[in-house]
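Okay, hi everyone, thanks for making time for this.

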Amino acid sequence: MSALHAGIAEAGRMLRHGEISVTELVSASLARIAETGETNAYTEVFEERALRLATAHQALLDDGIDLGPLHGIPLALKANVDLAGHTVDAGSRILADRTADADAAVTASLQRSGSVIMGMTNMHEFAWGGTTQNPHTGSCRNPWDLDRIPAGSSGGSGAAAATRSVFGTLGTDTGGSIRLPASMNGITGLRPTLGRVSNRGVMPLAWSMDTVGPIAASAEDCAIIFRSIAGFDAGDPTTLDVAVTDPLAGLDRPVNGLRIAVIDDYSFRGLQPAVEAAFRAALATLADLGVIIETIAVPGLEHVVDAQVVIDACEPSAVHLPWLESRPGDYGDDVRTVLQAGTVFSAVDYIQAQRYRTHLREIVRRHLGDVDAIALPTIAFTAPRVGQTTVSIGGRDEDALVGLMEFTALASMTGLPAISVPCGFDETGLPIGMQLVGGAFAEALLLRIAHAYQAATGFHRALPALVTDR
Amino acid sequence: MPYPNQLDRLPLTQEDASRLTPQVADWTARAARLDRWVRDNVASATPGITTVSHIVGERTA
């Protein structure tokens with residue numbers, strides 16, 4: 001088995017026991033990136049830099065200097081996360097000439113942990129979209145079926161993790177951009193609590209929803225990456241000074257007796273039959289593990305996407321107004337349209353959406369006093385074809401962008417953490433994801449539940465046929 | 001009479017206008033639907049505060 005499939009903890013053990021060197025691991029990563037290039041998951045690969053760092057990190061390990069579980073582990077960054085001295089363009093033409101003058105806080109954390117940044121991953125332009133079909137960097141393809149989208153906006157991060165070209169990636173999630181590619185690529189993605197991870201050095205999309213988080217094969221790998229990047233940053237006014245619970249400390253604890261809720265008239269709404277079957281089977285697996293499954297009601301949840309559309313439209317348009325005025329032709333058509341459309345809302349529209357958000361948060365917070373997590377499908381459907389603009393949800397045709405938000409909006413609107421784990425495949429072999437939403441700063445609990453689920457199932461270990469070296 | 005908004009001040013091509021028509025129609029309908037629900041169901045004292053600590057409900061000292 002390729003060491004790339006081992007998971008971070010096992011790869012680290014192999015490195016420390018001399019079964020593989022950092023240079024060999026990085027070389028394997030580079031080879032996998034090349035072999036799976038049809039996905040167009042990367043916009044830039046740092047071959048020379050990565051090999052140079054590999055030599056340096058191997059020397060540290062040889063000298064007995066161990067920087068922790070990420071030491072020598074190949075990772076990748078979404079192209080909106082700053083890496084000092086490199087072009088970080090957020091998948092845009094507008095920022096094509098921009099060189100980051102400093103590392104993002106999360107980049108600095110990963111590098112202090114000894115990881116080797118292999119490259120920047122493809123993304124939807126400025127993260128404003130869910131398909132990663134980018135006119136400037138080229139279409140990113142789903143490794144499970146190259147005719148289909150990898151979702152987005154962190155689609156390259158999803159495809160890169162799914163092919164195991166790296167052990168994990170960073171994504172950014174505003175309306176679902178970590179969880180959506182995790183679901184459609186058959187891997188795991190954690191959206192942390194708003195304010196848990198620094199956004200310093202990350203190109204904003206919508207300030208009141210933007211989060212940075214890990215995308216990797218397993219919950220354990222996500223936990224290792226999350227532990228490296230989580231915590232207060234005095235340089236980012238949106239982070240909160242709240243202690244981080246070590247997600248690895250209790251990862252193996254049993255989950256029997258925990259309570260997980262499904263939302264009456266919502267958790268099962270409009271699902272493709274294969275998605276509903278996989279989600280129900282996942283709930284049954286959790287019940288077999290001793291989790292108590294309950295049903296709760298959240299009145300008004302049918303408007304969560306409406307509220308998300310308003311906020312997710314207004315805030316990016318405020319960011320982009322100067323460029324919309326001076327360089328409109330430098331945006332792709334789809335992103336220019338949503339940015340222009342975001343300017344039509346009134347201040348009252350925006351505030352009403354924020355008031356809805358306050359109301360929803362209070363209801364969900366009350367429920368999360370009684371249950372440990374809320375379970376939802378991550379997406380109602382499996383990966384659409386490239387170019388498909390509408391999806392069928394519950395028998396009605398819905399705009400694909402809005403359709404993608406259907407189940408991810410709850411965590412985005414409430415600021416709560418959520419994790420997407422693979423829970424099956426449809427009849428054509430496309431991955432399906434289940435989402436767990438937890439209370440504020442409950443990432444460790446979500447990772448623990450996801451880890452227990454993954455110990456009982458094997459969906460997160462499945463590899464797309466594109467990966468031939470098994 | 002329609003009132004001017006930010007969109008009126010942006011340079012738009014004919015193609016932009018064609019793409020915007022259905023997008024704006026859908027989104028403004030959503031905003032109107034949401035507004036009606038908020039008026040009917042959300043207490044008037046409920047604020048639309050957007051600081052992170054309020055969003056996640058965390059009270060920092």
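**A walk through the sheet and its helices**

Let's start with two strands: strand 9, residues 259-263 of chain A, and strand 11, residues 373-377 of chain A, run parallel and are joined by two bridges. If you want a spot to look at, find A:Ala261, which stands opposite A:Ile374 in strand 11 of chain A. Before I go on, keep in mind that what you see is a predicted model.

Now zoom out a bit. Those strands belong to an open sheet of eleven strands in chain A, with mixed pairing, and the order goes 1-3-2-6-8-7-14-15-11-9-10. Which strands stand at the edges? They're strand 1 (42-45) and strand 10 (292-296) of chain A, and each has a single partner strand, so one side of each is left without a neighbour in the sheet. From one strand to the next, the twist averages 30°. Helix 2 of chain A, residues 22-35, packs on this sheet and touches strand 1, strand 2 (74-78) and strand 3 (116-121) of chain A. The direction of helix 2 makes about 15° with that of strand 3 of chain A.

Okay, on to strand 7 of chain A, residues 188-191. A:Thr188 and A:Leu190 point one way, A:Gly189 and A:Arg191 point the other way, and all are buried. On one side, strand 7 runs antiparallel to strand 8 of chain A, with two bridges joining them, and there A:Gly189 sits opposite A:Ile215. Strand 7 also runs antiparallel to strand 14 of chain A, residues 418-425, this time with three bridges. In that pairing, the bridge partner of A:Arg191 is A:Ala418.

Is A:Ala182 buried or exposed? Its relative accessible area is 0%, and the cut-off for buried is under 20%, so A:Ala182 counts as buried. Leaving out residues up to four places away in sequence, A:Ala182 touches A:Ile187, A:Thr188, A:Gly189 and A:Ser420.

Next stop, helix 4 of chain A, residues 105-112. Its buried residues include A:Ala105, A:Val106 and A:Leu110. The buried residues of helix 4 pack against strand 2, strand 3, strand 6 (168-173), strand 8 (211-216) and helix 7 (219-229) of chain A. After helix 4 comes A:Gly114, with a positive phi, near 90°.

Last one: helix 14 of chain A, residues 443-456. At 1.5 Å a residue, its 14 residues should span 20 Å, and the end C-alpha atoms are 20 Å apart, so that agrees. Helix 14 is mostly covered, with eleven of its 14 residues buried; among them are A:Leu446, A:Leu447 and A:Ile449.

And who does helix 14 pack with? One answer is helix 8 of chain A, residues 273-288, at an angle of about 100°, with the axes 10 Å apart. That makes helix 8 roughly perpendicular to helix 14 of chain A. From helix 8 you've got A:Ala282, A:Thr285 and A:Leu286, and they meet A:Ile449, A:Tyr453 and A:Ala456 in helix 14 of chain A. Sort the residues of that contact and you get five nonpolar, one polar and no charged.

That's my tour, thanks!

Conventions
Residues are numbered from 1 along each chain as its sequence is written. Chains are lettered from A and ligands numbered from 1 in the order in which they are written. This is a predicted model: local features need pLDDT of at least 70, side-chain atom pairs count only at pLDDT 80 or more; totals for chains, interfaces and linings use all residues. Side-chain values use heavy atoms; hydrogens and water are left out. Helices (H or I, at least four residues) and strands (E, at least two) are DSSP runs, numbered from the N terminus. The expected span of a helix is 1.5 Å times one less than its number of residues. Buried means under 20% relative accessible area, exposed over 50%, partly exposed in between (1.4 Å probe, protein chains only). Two strands pair if DSSP finds at least two bridges between them. Axes are lines fitted to C-alpha atoms, for helices over the stretch in contact, and angles run from 0 to 180 degrees between N-to-C directions. Contact means heavy atoms within 4.5 Å. Angles under 35 degrees count as roughly parallel, over 145 as roughly antiparallel, 65 to 115 as roughly perpendicular and the rest as oblique. Ala, Val, Leu, Ile, Met, Phe, Trp, Tyr, Cys and Pro count as nonpolar, Asp, Glu, Lys and Arg as charged, and the others, Gly among them, as polar.
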